[in-house]
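Please read the following report alongside the sequence and the model.

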Amino acid sequence: MSGSYVEQNHHDALPKTSHDECARQHFVRSFKEHLVTSIHPGLKTAYEKRAKISFQKQHGRDPSDIKDVASVMKHDPHYQAWSSLLRTSQEMMWSAAQIPVERSLRELAASAAKSEGGQGTLRLNGDLKIPDYHTAVDIHCQPGGYHTEYIADDVAQGAIYDRAVYLYAMGQMGPDNADMGDSTVSWLQSQQPDFKPQRILDMGCSVGHSTLPYVTGFPEAEVHGIDVGAPMLRYAHARAKSKDLEVHFSQQNAEKTDFEDESFDLVVSHILLHETSAAAIKNVIKECHRLLKPGGWMVHVETPPYEGMSPFDTFLFDWDSENNNEPFWRRSHELDLQALAEQGGFTEHPTIQVMAPSAFQETQRSMTFQGGDFGGGGVWFLYGCQK
Ligand SMILES: C[S@@+](CC[C@H](N)C(=O)[O-])C[C@H]1O[C@@H](n2cnc3c(N)ncnc32)[C@H](O)[C@@H]1O
């Protein structure tokens, strides 16, 4: 990969790794880098020189959508090798992140429970129903998903996720995995310079990678983060405290929260929507509208929609739908986003649907998103609306 080797920043909640555990994790990162830089480029050649020609011979036309490309690429040996290695790298990534957490789980939980610093709060709700779209499959193959708890005060899933995101993105989300939050804060500050939110909500905050940039970017604001997964939130709270940053975390479903009407100036999410369901996305947008004050902004950060992408790029970028337990990935990339906002009540202003530059990868922008290389495009897709 281009650029220097970025190591993850230390913080007190991060699991400690032995020499061998750390070597295993860095092997996974290097393996993924090898796939991206050395194996992935051959896919285009395989398509142009073999698969596309075979499709043209069979159908007398060019492939025009994911199904057309899949019908020939899935038989191509280079694609098969890449796809199988990518899936293997994903499974290895979770194991490599799990091993040190499993070894030290009780210590991690105890240390998170007595973490100090900051003025933030943590409000859990043991009665909250975890949505079916999370319990039905282990999304992106994370064993146990975001919510599973093994011991009291568990932080395992959060601790695993923190390290796995760094490995998955190969450091391209920055040393704090904060690129989506940092990039959105930069975009808001440059495009809406007079917008000074006083109360901010981050929906589906996980361990707070994208939440903390709003605390530093808008120091006057009160920042809240919600998630359905208790282990995510316990870990997020400990991580924020270790960085001495104030966030109010609570365990809530973004489809229906207990916050008052018109109580936020800014409601954001980062890669939440594609992990919910078609019905849930509609509820989330409605809830954003209910929570925002007039003039407030909703901004959802995602990878870009399929519209306008070539059939070949769409096929590769859609890899996660069929190979990485992402059942809503494809549908969420094909939504009519203007209609979705209007159905949710956002009729006051047109939506924004823009590509915002990555704050971290300023110089490495390829604008290309590919399976298994999530942060590689150097841009983020921002979808939102002002109330
Ligand atoms: C891909 S992760 C989000 C990553 C995080 N926003 C970040 O930027 O690092 C998706 C998160 O959304 C949470 N989630 C999914 N559906 C939710 C819902 N309906 N309400 C609240 N949180 C939800 C999951 O538990 C998970 O932690």
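V207 is placed in the loop between β2 (199-203) and α9 (212-217), where helices (H or I, at least four residues) and strands (E, at least two) are DSSP runs, numbered from the N terminus. This is a predicted model, in which local features need pLDDT of at least 70 and side-chain atom pairs count only at pLDDT 80 or more, while totals for chains, interfaces and linings use all residues. Residues are numbered from 1 along each chain as its sequence is written.

V207 counts as buried because it has 32 C-beta neighbours inside 10 Å; a residue is buried if 20 or more other C-beta atoms lie within 10 Å of its own, exposed if 12 or fewer, and partly exposed in between, with C-beta atoms placed from the backbone. When residues up to four places away in sequence are not counted, V207 touches G158, Y161, D162, M232, Y235, A236 and R239, a contact being a pair of residues whose C-beta atoms, placed from the backbone, lie within 7 Å. Between V207 and K67, which are 140 residues apart in sequence, the C-alpha to C-alpha separation in space is 36 Å.

The loop between β2 and α9 also holds S206, a residue other than glycine whose phi is positive, near 50 degrees. S206 has 25 C-beta neighbours inside 10 Å and therefore counts as buried. A positive phi, near 65 degrees, is also found at C141, again a residue other than glycine. C141 lies in the loop between α6 (132-135) and α7, and its 17 C-beta neighbours inside 10 Å make it partly exposed. As background, most residues other than glycine have a negative phi.

The helix pairs come next. Their axes are lines fitted to C-alpha atoms, for helices over the stretch in contact, and angles run from 0 to 180 degrees between N-to-C directions.

| Helix pair | Angle | Axis separation |
|---|---|---|
| α2 (residues 41-59) and α4 (residues 77-103) | about 150 degrees | 9 Å |
| α4 and α7 (residues 156-168) | roughly 135 degrees | within 9 Å |
| α2 and α3 (residues 66-73) | roughly 110 degrees | within 9 Å |

At an angle of about 150 degrees, α2 is roughly antiparallel to α4; angles under 35 degrees count as roughly parallel, over 145 as roughly antiparallel, 65 to 115 as roughly perpendicular and the rest as oblique. The crossing of α2 and α4 is left-handed, a crossing being left-handed if the near helix is turned anticlockwise from the far one by less than a right angle, and right-handed if clockwise. In this contact, G42, L43 and A46 of α2 meet H78, Y79 and W82 of α4. By class, these residues divide into four nonpolar, two polar and no charged, where Ala, Val, Leu, Ile, Met, Phe, Trp, Tyr, Cys and Pro count as nonpolar, Asp, Glu, Lys and Arg as charged, and the others, Gly among them, as polar.

α4 also packs against α7, with the two axes crossing at roughly 135 degrees, and the two helices are therefore oblique to each other. The crossing of α4 past α7 is right-handed. From α4, the residues M93, W94, A96, A97, Q98 and V101 meet A156, A159, I160, R163, A164, L167 and Y168 of α7. The contact of α4 with α7 comprises 11 nonpolar residues, one polar and one charged.

α2 and α3, whose axes cross at roughly 110 degrees, are roughly perpendicular to each other. Y47, A51, S54 and F55 in α2 meet D68, S71, V72 and M73 in α3, and this contact has five nonpolar, two polar and one charged residues.

F315 itself is found in helix α12 (residues 311-317) and counts as buried, because it has 26 C-beta neighbours inside 10 Å.

Taken as a whole, the protein has 15 helices and eight strands, and of its 387 residues 46% count as buried. Among contacts between residues at least 6 apart in sequence, 80% join residues at least 24 apart. The C-alpha trace spans about 65 × 55 × 40 Å along its principal axes. The radius of gyration, taken over C-alpha atoms, is 21 Å, which agrees with the value near 21 Å for a compact globule with 387 residues; the globule rule is 2.2 Å times the number of residues to the power 0.38.

Key: Two residues are in contact if their C-beta atoms, placed from the backbone, lie within 7 Å.
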